[in-house]
Structure formats: structure tokens, C-alpha cells
Amino acid sequence: MEDRKLIIAVCLRPVLYNTMMVLYRDRNKKERAWVDVAEDTGFPDQPSSESEDAAPAPAPAPAPVPAAGPSCVPVPEAGPAPRTQSAILQALQSCANPTPLSGIEHYVLGLVPSLVRMPPEVLEYVKFQISKVIFDNSNFTLNLEPV
């Protein structure tokens, strides 16, 4: 159960794993996110860098993750005990291997970056035109006779 709490806590903070985010490179935001993960899961927090007695340990670099979708979370190289780490790895692998997307789904997802860059008024027009083309080419008829 703790494994799921950890996975959920990390998934809720894309600044920890989403390299497309501007804040991904902000060390302070990521450090705060890890502190929040520790608080949410009940895992003890590492000593803070403010401690003068001990030198801060370097943060482990996340292992590369294949681009399988937005729901994937990188697996840290250093982490909890091996037994717990294997359970987390299994849970993450189920996340990393979703059902394959169809050709249509790949095509539509490929449109997203272009749509995101459009100004709002142009985006609304494009969405309307897409819906219109789909409606015009649908194989159903409306029964508009009075009841």
C-alpha cells in the first residue's frame, strides 16, 4: 500500500518527471515537490541542505524513461530498500506499458502540439471545423419528426 501512495504522490507532481515543463529545471520547485512527496507518504525526509554539520548528499539523477505517454514516472536509480524498489518498479512498468494506441489515436495526439500553439480564437474555429467535418461524414441520421 505504501508503494501505491508513493507512486500517486509522485504522479501528482509532474515537475519531478515531466521534462517538457519549464519548472522541471527549477531545483527549488523539485526539492519542494520531493518534500511534499515525503510528507504525503510518511517517508522520512532527507537532512536539509541548511544543516552545517553534514554535507548535503547529491540528488540521484532519474533514469531515462521511454516516451510511452504522459502518465509515466521515471524510476530513480537510488531509492528505497530493494524489496520496496522492486514493487515500485513493477507498478511503474504497468504504467509504462499501456495498451498500444491505434493509428487514429497517434494521428490525433500528433495534432495536439500544433493546437496548443494556436491563439484561442483560431483554436475555437479549428475545433468547430473538425467537429463539422466529423458530423458531415457520420453515417447517422437525425429523426426530427414531431412526436
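Biologist: Which residues in α1 meet which residues in α2?

Modeller: This is a predicted model, and in it Lys5, Leu6, Ala9 and Val10 of α1 meet Trp34, Val37, Asp40 and Thr41 of α2. By type, the residues of this contact divide into five nonpolar, one polar and two charged.

Biologist: How do the axes of α1 and α2 cross?

Modeller: The two axes come within 9 Å and cross at roughly 145°. The crossing in which α1 passes α2 is right-handed.

Biologist: Why is leucine 6 called buried?

Modeller: Buried means a relative accessible area under 20%. Leucine 6 has 15%, so the label buried applies. Its place is in helix α1, which covers residues 2-11.

Biologist: How far apart are leucine 6 and threonine 41, in sequence and in space?

Modeller: They are 35 residues apart in sequence, yet 5.8 Å apart from C-alpha to C-alpha.

Biologist: What makes up the largest nonpolar core?

Modeller: Eight residues: Leu6, Ala9, Val10, Val15, Leu16, Tyr17, Ala33 and Val37. They count as a nonpolar core because such a set holds buried residues of nonpolar kinds joined through side-chain atoms within 4.5 Å. Both α1 and α2 (27-41) supply at least two residues each, and α1 gives the most, with three.

Biologist: How many helices and strands does the protein chain have?

Modeller: Five helices and zero strands, so the pattern along the sequence reads α-α-α-α-α. Of the 147 residues, 15% are buried. Among contacts with a separation of 6 or more, 38% link residues 24 or more positions apart.

Biologist: Where is confidence lowest, and where is it highest?

Modeller: Helix α3 (residues 82-96) is lowest, at a mean of 61, while helix α5 (residues 120-136) is highest, at 92. The protein chain averages a pLDDT of 73, and 60% of the residues score at least 70.

Biologist: Over which residues does pLDDT stay under 50, and how many contacts beyond four places in sequence does the model have for them?

Modeller: Residues 47-54 stay under 50, with two such contacts in the model. The pLDDT is also below 50 over residues 75-82, a stretch with twelve contacts beyond near neighbours in sequence. Where pLDDT is low, the predicted coordinates should not be read in detail.

Terms used: Residues are numbered from 1 along each chain as its sequence is written. This is a predicted model: local features need pLDDT of at least 70, side-chain atom pairs count only at pLDDT 80 or more; totals for chains, interfaces and linings use all residues. Side-chain values use heavy atoms; hydrogens and water are left out. Helices (H or I, at least four residues) and strands (E, at least two) are DSSP runs, numbered from the N terminus. Buried means under 20% relative accessible area, exposed over 50%, partly exposed in between (1.4 Å probe, protein chains only). Axes are lines fitted to C-alpha atoms, for helices over the stretch in contact, and angles run from 0 to 180 degrees between N-to-C directions. A crossing is left-handed if the near helix is turned anticlockwise from the far one by less than a right angle, and right-handed if clockwise. Contact means heavy atoms within 4.5 Å. Ala, Val, Leu, Ile, Met, Phe, Trp, Tyr, Cys and Pro count as nonpolar, Asp, Glu, Lys and Arg as charged, and the others, Gly among them, as polar. pLDDT is the predictor's confidence in each residue, from 0 to 100.
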